Amino acid sequence: MAAKNQLRSASGQVRRVIVVGGGLAGLMTTIKLCEAGIPVDIVSLVPVKRSHSVCAQGGINASVNTMGEGDSPRIHLEETAYGGDFLANQPPVKGMADAAPGIVSLLDRMGVPFNRTPEGLLDFRRFGGSLFHRTAYAGATTGQQLLYALDEQVRRYETKPVVDETGLTLPGEVMVRKLEGWDFLSLVLDDHGRCVGIVAQDLRTMDVQAFRGEAVCLATGGPGMVFGRSTNSMICTGSAAAKAFRQGAIYANGEFIQVHPTAIPGADKLRLISESARGEGGRVWVPKDASDTRPPGQIPQRERDYFLERMYPGYGNLVPRDIASRAIFQICFHEGRGIHSNKTGKNELEVYLDLTHIPETQLRQKLAGILEIYEKFAGVDPYHNPMKVFPAVHYSMGGLWVDYERSAAGSLVDGSPRNHATSIPGLYAVGEVDYAYHGANRLGANSLLSCLYGGLVTGPAIASYVGALASSSQDTSSSLFETAEAQERKDYERIVGQNRDKDKGENPWHLHAQLSEVMLRDCTIERHDDRLDRVLDKIGTVQDKLPKVRIDDTGQRANQSAQFVRHFENMVVLARVIAQGARHRAESRGAHYKPAHEKRDDANWLRTTLARHSGEGQVEFLKSFDYECAGKGVHVTDEVDVSLVQPRERKYEQAGAASEQARKEAPVEAERGLS
Amino acid sequence: MSKNKVHLKIRRQDGPDKPDTRRWEEFEVPLLPQMNVISALQQIQLEPKTKDGKGVAPVAWDCSCLEEICGACTMIINGAVRQACSALVEEIAPHGETIVIEPMSKFPLVRDLVVDRAKMFEDLKRVKAWIEIDGTHDLGAGPRESAEQQQVRYALSRCMTCGCCLEACPNVNDSSHFMGPAAINQVRYFNLHPTGQHQRTERLESMMQRGGVAECGKAQNCVEVCPKSIPLIDSIGHVARDTTQHMILRWLLG
C-alpha cells in the first residue's frame with residue numbers, strides 16, 4: 001500500500017527528497033521533482049551557481065540537423081556508442097540522443113544565450129568523434145550558461161510555497177530549500193537497507209545534522225582530485241560517491257578515466273582548452289625537426305607535423321579524446337618530439353594547438369571564454385601565437401552503478417523507478433557520478449547532455465519510487481537518525497583530535513600528493529600491470545598512514561583541514577576502485593589502454609566492471625548481483641546491452657566509420673553529411 | 001628578500017564573533033612555476049608555519065574552479081578585489097614583493113579569507129532573475145534572436161556573482177541597502193529577452209524599492225573591477241532610464 005498522502009507523512013511532516021550536489025544534473029533532477037509536486041532539499045558544498053558544471057566550455061550535442069547534413073539522433077546514438085568503444089548499455093544512450101534536440105530547445109526557452117546563425121536559429125559546431133555540426137554553444141562558456149539557466153529556474157522554486165492537494169499553502173514551506181556550504185557525510189539506511197536520509201555538516205559552524213528524505217539523489221560529480229591536478233574543480237573529490245560505495249552501493253567501470261588532450265599546465269590545476277578550439281578549425285602540431293628552436297610562427301607549414309591529421313585522416317584533429325591523448329603522449333613521451341624549449345634546452349611535454357589561421361573576430365565570437373583563460377594563465381596572446389598544451393585528467397566515465405528499464409523501442413521506460421536507481425533502495429545517482437552513458441570514452445559535448453538527460457529521467461524515476469513507498473522516512477524512528485548523527489559527530493571529532501598528543505603526524509596534503517602522483521603517472525593514458533601493482537602497493541601504504549594523519553587546525557569554525565581529511569580518506573577508497581579495476585581488465589578499450597594487451601577483447605571483456613566494497617577500503621568484483629527497487633527484486637549481470645549498434649572495431653582513420661551502420665540503414669539522408 | 005620565495009601577508013580572524021583574533025600573519029613559501037595566489041595558499045597547507053616559524057592553522061579560503069569562472073576565490077589582493085586563481089605571482093610580485101591578502105569587507109566574515117555572499121543570491125530573487133517558462137515539457141524551440149542581440153546578452157550573462165562590483169562600490173556599505181551593480185545588470189539581461197520581457201514591469205518595480213537603482217552614486221568603480229568586463233555602467237544606465245520611464249508612465253496612467 002502506498003503512503004496515504006504524497007505530500008505529508010502520517011505525522012504531518014512535509015515529505016521531501018534530498019538532492020546532494022547542485023550542478024546541472026542535480027538541478028535538473030530538482031526541477032523535475034518540483035514539477036511532479038515533490039519538494040526538494042538541495043545539499044551542496046558550494047553555492048550551486050559555483051558548481052563544477054561552470055567549467056564545461058565547448059557545448060552540448062543535439063542532432064537537430066539544421067545544418068542540412070543529414071544528422072539524426074540515430075547517428076548520434078551510434079557515434080556515442082562507437083566513441084565509447086561499445087561499453088555503454090545502449091538503451092540509455094538512445095534515450096539521450098533522442099531527447100537531445102528537445103533538451104536544447106528547453107534551454108533555449110530558459111534564455112540561454114546560445115550563439116546564433118544569421119537567420120536567428122541556434123548555431124552548431126563540430127566536436128570530436130563526429131563529422132556533423134551537432135554542438136550548440138554559448139561562446140566557450142556553455143556549461144556556465146547552462147548552469148546559470150537551471151540555477152535561475154531553481155531559484156524560482158525557492159520562492160514558491162508548497163501547496164497541498166486542496167490548494168492550501170503550507171506555512172513556511174517552500175518547494176526548494178538550499179543547504180549551501182554543507183558537506184555530505186553519509187547515507188542514513190534503515191533496518192531494511194533503504195536509504196531514508198543523509199548526515200551532513202555545515203562547513204561554517206561545523207554543526208553535524210541528519211536530514212530525512214523520502215529518497216536521496218547523489219549528483220556530486222567526478223573524482224578528479226584523486227589525480228591531484230586535473231581539469232576538475234577543487235570540490236570534485238568523489239567523496240560522496242566513495243562514501244556511498246563504502247555503504248554498499250555498487251561502483252561501475254571505475255577504471256575508465258578520460259584524459260583530455262588539450263590543457264595548459266599550472267601549479268594548482270591543469271586548465272582545459274576546449275575541444276571546440278579544434279571544432280572551430282584548430283590544428284595540433286609539433287615541428288618535424290624535434291630540435292627546431294624557432295618560434296612557431298617562423299616554422300613553415302611544410303616543416304610542421306600535423307600528426308593527428310596524418311595518423312587519422314578521416315577525423316583529423318577531431319578524433320575522440322582517448323585517441324588524441326594517446327597520440328600526443330606517443331609524440332611527446334615516447335618519441336621525444338614535444339615542443340623544444342629554449343629555456344630548458346629540452347623537448348617539453350607540450351604540443352601546439354594552433355588557431356592563428358582563423359580570423360580574430362570569429363575567434364572572439366565563438367571561443368573568447370577559453371582564449372581569455374589562456375591569455376590570463378599562460379600570459380600569451382592565443383589569437384596570434386599557437387597555444388602550448390598537454391593532456392590532463394578530465395572526466396570519469398565510471399561511477400556509481402545505476403539501473404534502467406528498457407522499453408520495447410530500445411529506449412528507457414518513462415518514469416520507471418529503476419531508471420538511475422543505485423543498488424541501494426532509495427538512493428539515486430545522476431551526472432558524472434553515475435556510469436551510464438559514456439562507456440569506455442566520452443565524446444565531447446555529451447557530458448552536459450548526459451547531466452541534463454539524466455536529470456530529466458531521474459526526477460520522474462524518484463517521483464515514481466516515492467509514490468510507491470508504503471511509509472514515509474518522516475515516520476521512521478528518530479533514533480535511527482540520532483545514531484547516524486552521533487556517529488558522524490564522533491568521526492569528525494576523531495579527525496580533529498587524532499594524534500594531537502604526538503609531536504608530529506602525517507600532513508594530509510602531503511599524503512594526498514603522494515597518492516595523486518602515482519595515480520597520475522601510472523594510472524592514466526598508459527597502463528602496465530607491474531606499475532599498477534606498485535600503484536596498489538602505494539595506495540595500501542597511504543591507507544596505512546591515514547590513522548597517523550594529524551591536522552594543524554583545531555578551530556571549531558570553517559575547519560577546512562578536517563573537511564579535507566574526510567574527503568581524502570574517501571579518495572583513497574576510490575583510488576583503489578580505479579587502480580584495481582585497471583589492473584583487473586586485461587584488454588584495451590577506450591580510455592583504458594594497456595600496451596601489453598593492445599586489442600579490445602569483446603569475448604572476455606565486453607563487460608561492465610562491477611565493484612563492491614568488501615571492508616576496510618577493499619574491493620571485490622562481481623559478475624552479478626541482486627537489488628530491490630520499489631519492492632521488486634532485480635537481477636543484474638555484467639553483460640552490456642549492445643542490441644542497437646553492433647560492436648565493431650573503431651577506425652577513425654576512415655571518414656564516416658563511426659556512423660557506418662546508420663548510413664547503411666538510411667543511406668540517402670546520411671550520405672549528405674559526408675559530401 | 002629571497003627571490004625563490006613568495007612572501008605573503010594575510011589578514012586573519014577566527015570567526016565573526018571573535019574580533020579579538022583579528023591579526024596579520026606573514027608566510028614565506030617556495031616559488032613554483034606558473035604560480036598563482038591559490039597555489040601559494042596551498043603551500044601554507046603543506047607547511048602551516050608563519051615566517052617566524054610559529055605553527056598555525058592553515059589559512060581558510062574559498063575556491064573551486066581555479067579558472068576564474070565560478071567566482072568563489074574572490075578576495076582583496078594588494079588592495080584590489082579580484083579572484084585569487086587568476087592573480088599570478090609573477091605579475092603581482094615580479095621581484096618577490098610581499099603580497100597582501102585580505103577578505104572582502106562588504107560581506108559577513110566567516111573565517112580568515114572566507115566571507116558569506118548569500119545576500120547576492122537573495123537579491124537575485126528580489127529582481128526575479130529568471131525566465132518564467134511554463135514547464136520542462138516539450139514546447140518547441142525558444143524565440144529566434146539575432147546574432148547581434150545574442151552577443152549583447154552573452155556579455156551580460158557572464159556574471160559569476162563574485163561580488164567584486166559590490167566590494168568596489170562606495171554606495172554598498174553598512175548604512176545602505178543598495179543591491180549593487182550585479183543584480184541591476186540581471187534586470188537588464190532578463191528584460192532584453194523576448195520571453196523575459198513579460199516580467200519586465202515586476203523587475204523594474206523591484207528597482208524602485210529600497211536598495212534599487214536610484215541608490216547608484218555613479219562612482220563607476222564597478223566596471224573597473226569586473227573580471228568579466230561586463231558593461232555594468234551601461235546596464236545601470238539602461239535600467240535607470242527604463243525605471244524612470246516606468247515610474248512616469250505609472251504616474252500618468254494612474
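Predicted model: local features only at pLDDT ≥ 70, side-chain atom pairs only at ≥ 80, totals over all residues.
User: How do you know what counts as a strand or a helix?

Analyst: Both are DSSP runs, numbered from the N terminus: helices are H or I with at least four residues, strands are E with at least two. Counted this way, chain B has 9 helices and 7 strands.

User: Why are strand 8 and strand 21 of chain A at the edges?

Analyst: Look at the strand order. In chain A, an open sheet of 5 strands runs 8-2-1-12-21, with parallel pairing. Strand 8 (176–180) and strand 21 (427–429) of chain A each have a single partner strand, so one side of each has no neighbour in the sheet. From one strand to the next, the twist averages 20 degrees.

User: Which helix lies across strand 1, strand 2, strand 8 and strand 12 of chain A?

Analyst: Helix 1 of chain A does, running at about 170 degrees to strand 2 (40–44) of chain A. Angles run from 0 to 180 degrees between N-to-C directions, with axes as lines fitted to C-alpha atoms, for helices over the stretch in contact.

User: Why is helix 11 of chain A called roughly perpendicular to helix 14 of chain A?

Analyst: Helix 11 (residues 478–497) and helix 14 (residues 560–584) of chain A pack at an angle of about 110 degrees, their axes 9 Å apart. That makes helix 11 of chain A roughly perpendicular to helix 14 of chain A. The classes are under 35 degrees for roughly parallel, over 145 for roughly antiparallel, 65 to 115 for roughly perpendicular, and oblique for the rest.

User: Which residues make the contact of these two helices?

Analyst: Tyr492(A), Ile495(A) and Val496(A) come from helix 11 of chain A, and Ala562(A), Val565(A) and Arg566(A) from helix 14 of chain A. Two residues are in contact if their C-beta atoms, placed from the backbone, lie within 7 Å. The contact has 5 nonpolar residues, no polar ones and 1 charged. Nonpolar means Ala, Val, Leu, Ile, Met, Phe, Trp, Tyr, Cys and Pro; charged means Asp, Glu, Lys and Arg; the others, Gly among them, are polar.

User: Why does strand 7 of chain A lie largely in the open?

Analyst: Strand 7 (residues 169–174) of chain A has 6 residues and the number buried is 0, so it lies largely in the open. A residue is buried if 20 or more other C-beta atoms, placed from the backbone, lie within 10 Å of its own, exposed if 12 or fewer, and partly exposed in between. By that rule, 48% of the 254 residues of chain B count as buried.

User: How is strand 7 of chain A joined to strand 6 of chain A?

Analyst: By 2 bridges, and strand 6 (residues 161–163) of chain A runs antiparallel to strand 7 of chain A. Pro161(A) has Val174(A) as its bridge partner. The hairpin has 5 residues between the strands, and Gly167(A) takes a positive phi near 90 degrees.

User: How many residues of chain A are in contact with chain B?

Analyst: 59 residues of chain A are in contact with 59 residues of chain B. Helix 4 of chain A gives the most to the chain A side, with 8 residues. That side divides into 20 nonpolar, 20 polar and 19 charged residues.

Definitions and conventions. Residues numbered from 1 in each chain as written. Chains lettered and ligands numbered in written order. Pairing = 2+ DSSP bridges.
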